Amino acid sequence: MTTYSRRKFLKTAALGAAGLTIVPNTILGKARGYTSPSDKLNIAGIGIGGMGRRNLANMKTENIIALCDVDWRYASKTFNDFPKAKRYKDWRVMFEEMGNSIDAVLVATPDHTHAGVAAHAITLGKHTYVQKPLTHSVYESRLLTKLSQKYKVATQMGNQGNSFDWCRQVAEWVKSGIIGDVYEAHCWTDRPIWPQGLPEPKGGVPVPSTLDWDLFVGPAKKRPYDPAYTPWNWRGFWDFGTGALGDMACHIMDPLYWALDLKYPVGVSASSTLSNLYSPPQAQIVKYRFPARPAAGKVNMPELTVYWYDGGLLPDRPEELKDGEMMGDSNGGIILVGTKGKIMTGCYGMNPTLLPTSKMDGFKQPEATLARVKGGNGNIWDTNAHEQDWIRACKESPANRREASSNFGFSGPFNEMVVMGVLAVRLSGLHRELKWDGENMRFTNISPNDTIKIVTVDEYAVIDGDPKFDRRFADFNALEMANEWIRHTYENGFSLPDMPK
């Protein structure tokens with residue numbers, strides 16, 4: 001993209017932030033902030049080669065008018081799905097050329113570019129759907145939360161289980177007092193299903209002609225292309241992804257987050273297999289500590305400890321499970337521990353059960369108090385409920401809108417919790433619980449003099465039958481690193497809008 005184009009885009013975005021009518025008048029009724037359900041949105045997809053393709057298929061009730069991806073080979077199937085959509089590699093060019101025609105955007109790029117695309121889309125008045133994790137950092141989550149409130153657009157994070165009845169059942173069970181006051185929770189996943197704990201790729205490989213590598217790197221530090229990064233394994237590198245925790249916690253921890261009225265943790269700690277400067281560890285445990293909250297329904301909300309496990313690590317098997325009964329399901333699960341009993345679910349909060357499972361014999365569901373999403377039952381991979389709930393919200397006026405289930409007012413603070421766990425893992429070399437001031441997004445017990453050792457080289461070879469190890473550490477200022485990971489420095493001409501007051 002030329003320098004002129006970047007400047008033109010930023011100028012356009014600034015004008016939009018200053019005085020753009022929130023919803024472009026591209027569809028009948030939009031001048032009044034309302035779209036008839038029978039009218040169709042004009043949607044642009046950004047990051048369309050992977051999960052974005054599935055999302056767009058679930059949005060095909062609308063007009064898919066533009067498609068943007070840095071890798072046109074990976075995106076080719078989606079291009080074929082929507083042959084009339086205009087194609088782009090740079091989302092900034094797309095906004096310049098088609099901004100007045102676009103009503104809503106899907107963002108399914110790698111984690112490190114979610115916030116930049118979404119934040120600028122919101123300032124231009126575009127309804128925004130962003131794949132999970134919502135953002136790469138705590139600051140970015142806070143920014144999207146506040147921007148969505150300021151510009152009154154309809155938003156949704158792509159944790160599709162949030163639109164299903166299971167999440168609501170778990171919340172209703174908890175608040176009806178079935179297991180008493182919940183004071184502990186355990187969450188786990190089968191992931192990563194991609195390599196992690198990797199050394200820095202060497203690079204030096206020619207960039208495929210169909211890939212714009214500079215646009216893939218985006219706001220991250222420049223580095224040479226290597227096929228280890230893309231099109232899929234970027235989750236296994238810190239600069240681009242958030243590892244197994246970022247990938248799956250927005251699904252698995254979702255039911256407990258709203259069942260237990262959580263917001264910011266006050267403390268977080270972690271342990272893991274060997275991590276390094278470039279790649280998340282192969283397995284990790286994260287411990288979050290939340291303060292007591294106001295009572296809800298028939299239960300108190302005491303101080304809560306939440307544990308996260310991945311990479312094959314698991315919580316202790318509940319003694320209430322019989323031999324042969326599976327803990328959670330093959331993809332992961334949750335165990336909530338209360339003063340009167342336990343609830344166990346599978347991944348996405350699926351198939352909740354009391355423990356022991358014999359308690360479900362003759363169990364009467366408590367009264368449903370939470371509104372259900374249309375289509376939010378059955379096979380989670382065979383419905384468009386989550387995307388369509390967002391589309392419904394897009395077509396409602398801000399004054400009378402029923403927000404989508406995982407709108408940024410909910411998913412922004414939730415995602416802050418998730419990426420707090422990433423911070424704990426990266427700072428685990430401090431060997432302490434990190435105390436967190438959530439309102440101000442800062443750690444309160446890391447001093448300016450604290451240092452942390454991080455692996456920068458970790459190589460192994462067998463030479464003439466003799467193993468040779470080359471593991472090197474470097475010292476970093478812990479507070480400087482923490483602050484950078486809380487709020488990333490944006491490189492290569494990319495930037496974020498200002499945080500609303």
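Phe290 is part of strand E9, which covers residues 284-290. Helices (H or I, at least four residues) and strands (E, at least two) are DSSP runs, numbered from the N terminus. This is a predicted model, in which local features need pLDDT of at least 70 and side-chain atom pairs count only at pLDDT 80 or more, while totals for chains, interfaces and linings use all residues. Residues are numbered from 1 along each chain as its sequence is written, and side-chain values use heavy atoms, with hydrogens and water left out.

Is Phe290 buried or exposed? Phe290 is buried, at a relative accessible area of 1%. Buried means under 20% relative accessible area, exposed over 50%, and partly exposed in between (1.4 Å probe, protein chains only). Apart from its neighbours within four places in sequence, Phe290 has contacts with residues including Leu262, Tyr264, Pro265, Val266, Leu304, Val306 and Met417. Contact here means heavy atoms within 4.5 Å. Phe290 and Glu433 are separated by 143 residues in sequence, and their C-alpha atoms are 13 Å apart in space.

## Strand E12 and its partners

Strand E12 spans residues 304-310, and six of its seven residues are buried, so E12 is largely enclosed by the rest of the structure. Two strands pair if DSSP finds at least two bridges between them. E9 and E12 run antiparallel and are joined by seven bridges. Within this pairing, Gln284 has Asp310 in E12 as its bridge partner.

Strand E7 (residues 182-189) is joined to E12 by five bridges, and these two strands run parallel. Here Cys187 stands opposite Trp308 in E12. Strands of a sheet pair through backbone hydrogen bonds, either parallel or antiparallel.

## The six-stranded sheet

In what order do the six strands of the open sheet stand? The order is E3-E2-E1-E4-E5-E6, with parallel pairing. Strand E3 (86-88) and strand E6 (155-157) are the edge strands, each pairing on one side only. On average, neighbouring strands of this sheet are turned by 15° against each other, direction ignored. For such angles, axes are lines fitted to C-alpha atoms, for helices over the stretch in contact, and angles run from 0 to 180 degrees between N-to-C directions.

Strand E4 (residues 104-107) and strand E5 (residues 127-130) run parallel and are joined by four bridges. Leu106 stands opposite Tyr129 in E5. Helix H11 (residues 385-394) packs on the sheet and touches strand E1 (42-46), E4, E5 and E6. The direction of H11 makes about 165° with that of E5.

## Salt bridges

A salt bridge is a side-chain nitrogen of Lys or Arg within 4 Å of a carboxyl oxygen of Asp or Glu. By this rule there are 28 salt bridges. One of them joins the side chains of Asp81 and Arg53, at 2.8 Å from N to O. This pair links distant parts of the chain, with Asp81 in helix H3 (residues 76-81) and Arg53 in helix H2 (residues 51-57), 28 residues apart. Asp81 is partly exposed at 36% relative accessibility, and Arg53 is partly exposed at 31%.

Asp90 and Arg92 also meet in a salt bridge, at 2.9 Å from N to O. Asp90 is buried, with a relative accessible area of 6%, and Arg92 is buried at 6%. Glu172 forms a salt bridge with Arg372, where the closest N and O atoms are 2.6 Å apart. This pair, too, links distant parts of the chain, 200 residues apart: Glu172 is in helix H7 (residues 165-175), and Arg372 is in the loop between strand E15 (353-355) and H11. Glu172 is buried, at 7%, whereas Arg372 is partly exposed, at 31%. Salt bridges also link Asp111, Lys132, Arg191, Arg235 and Asp247 in a network.

## Cysteines

How many disulfides does a search of the whole structure find? The search finds zero. A disulfide is a pair of cysteine sulfur atoms within 2.5 Å. Cys250 is in no disulfide either, and its nearest cysteine sulfur, that of Cys347, is 12 Å away.

Cys167 is buried, at 0% relative accessibility. Cys250 is buried too, with a relative accessible area of 0%.
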